[in-house]
Amino acid sequence: MTTPSRIPPAGLPATVEQFGEFTDAWLANRRLSVHTRAAYRRDVQQYVAWCAGRDLDPLRASFLHVNAYARELESTVDGRTGRVLAPASVARKLSALSSWYVFLLRLEAVAANPVGGADRPRVARDVSATVGLSAGEVDAMLAAAERLDGPTAARDRVVLALLADLGLRVGEVVALDLEDLGAERGHRTVRFVGKGGKARRRALTPGVIRALEDYLPARGDAPGPLFATATGGRVDRHAVFRLVRRLARDAGVPAWERLSPHSLRHAFATTARDEGVPLEDVQDAMGHADPRTTRRYDRDRHNLDRDPAYTLAAARSRRTTPR
């Protein structure tokens, strides 16, 4: 296990450098994606800065301090959306902080985890705040992508197809390298690192394959990022956010200003379930450890047309109707 080189003696405050070491060691001992690792680092840095502004040593913080921090987060305006942080965002920040404190507790740098006794926001397990898309709206966005022109058009069509057809996370898409494309038992495939640092593999749809065949000749066969900028750098998630909203606007989607790449992931799950794909297959495709997480993505799960009572009644009718 990676550990920081210096742990302050009991009663002595840690330095900013030591908190950096704590965070580096904590993240090194977690199986996390690059995006999650960066988000967790920002969460801890934000909390440490909040403590510094109050002359509070984070190693001596109590659950009362964490409660005060959480209430302040709940009134913080997100610069990206212009709205206060959603309860799920606050809960995620506190979850990261709790994991950090658990690590420090194991190192005996703190006496207890102050987040454990804090009042966290209540987040419904079966509800998601992500703005969804209908299957028709996704089709319209893919059609809008086909109308793109310019030097990045072919690349952008592949990005959108991966989000729409495979339901990949935006971090998984932008992290892809050319070497991640492959083939197995007659399937064209893509390999990627999913949430929790798990290596995963998915089959490519005909739509993704067509987009790739249009894009790859222009990209060339040089190793490196599958999706690169004009200067050779990796396309980042912010560029994909802008792409999704631009295509949604061009497609006439009413809520285009509030969409995110994750909206396409939700649409993937909802449409798959609506088409009769078993929950466990959708769960496996999305890389969810808990089926309840998959159900959150299925926005049409309360549709009465899908009530299993209809299926049972139809089966009974087949059994009992004279032939």
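Buried means under 20% relative accessible area, exposed over 50%, and partly exposed in between (1.4 Å probe, protein chains only). The model is predicted, so local features need pLDDT of at least 70 and side-chain atom pairs count only at pLDDT 80 or more, while totals for chains, interfaces and linings use all residues. Residues are numbered from 1 along each chain as its sequence is written, and side-chain values use heavy atoms, with hydrogens and water left out.

**The whole chain**

Start with everything shown as a cartoon. The chain has 13 helices and three strands; helices (H or I, at least four residues) and strands (E, at least two) are DSSP runs, numbered from the N terminus. Of the 323 residues, 41% are buried. Take contact to mean heavy atoms within 4.5 Å: among contacts between residues at least 6 apart in sequence, 58% join residues at least 24 apart.

**Val84**

Now select Val84, in the loop between helix 3 (63-74) and helix 4. Is Val84 buried, exposed or partly exposed? Its relative accessible area is 48%, so Val84 is partly exposed. Leaving out residues up to four places away in sequence, Val84 touches Glu74, Ser75, Thr76, Val77 and Asp78. Draw a C-alpha to C-alpha distance to Leu73 as well: Val84 and Leu73 are 8.4 Å apart in space and 11 residues apart in sequence.

**Helix 4**

Move along to helix 4, residues 87-106. The expected span of a helix is 1.5 Å times one less than its number of residues. Colour its buried residues, among them Trp100, Tyr101, Phe103 and Leu104. Glu108, which follows helix 4, has a positive phi, near 65°.

**Helix 6 and its partners**

Select helix 6 (residues 153-166) together with helix 8 (residues 206-219). Axes are lines fitted to C-alpha atoms, for helices over the stretch in contact, and angles run from 0 to 180 degrees between N-to-C directions. The two axes are 9 Å apart, at an angle of about 165°. Because angles over 145 degrees count as roughly antiparallel, helix 6 and helix 8 are roughly antiparallel to each other. On the helix 6 side, the residues in contact include Ala154, Val158, Ala161 and Leu162; on the helix 8 side they include Val208, Ala211, Leu212 and Tyr215.

Leu160, Leu163, Ala164, Asp165 and Leu166 of helix 6 meet Pro261, Leu264, Arg265 and Phe268 of helix 10.

**Leu166**

Stay in helix 6 and centre on Leu166. With 1% relative accessibility, Leu166 counts as buried. Beyond its neighbours within four places in sequence, Leu166 is in contact with Ala161, Val190, Arg202, Ala203, Leu204, Thr205, Val208 and Phe268. Leu166 and Arg265 are 99 residues apart in sequence, yet 7.9 Å apart from C-alpha to C-alpha.

**Thr189**

For the last stop, select Thr189 in strand 2 (residues 187-193). Thr189 also counts as buried, at 6% relative accessibility. Which residues does Thr189 touch, not counting residues up to four places away in sequence? Show Asp180, Leu181, Gly182, Ala183 and Glu184, then Arg201, Arg202, Ala203 and Leu204.

How values were computed. Angles under 35 degrees count as roughly parallel, over 145 as roughly antiparallel, 65 to 115 as roughly perpendicular and the rest as oblique.
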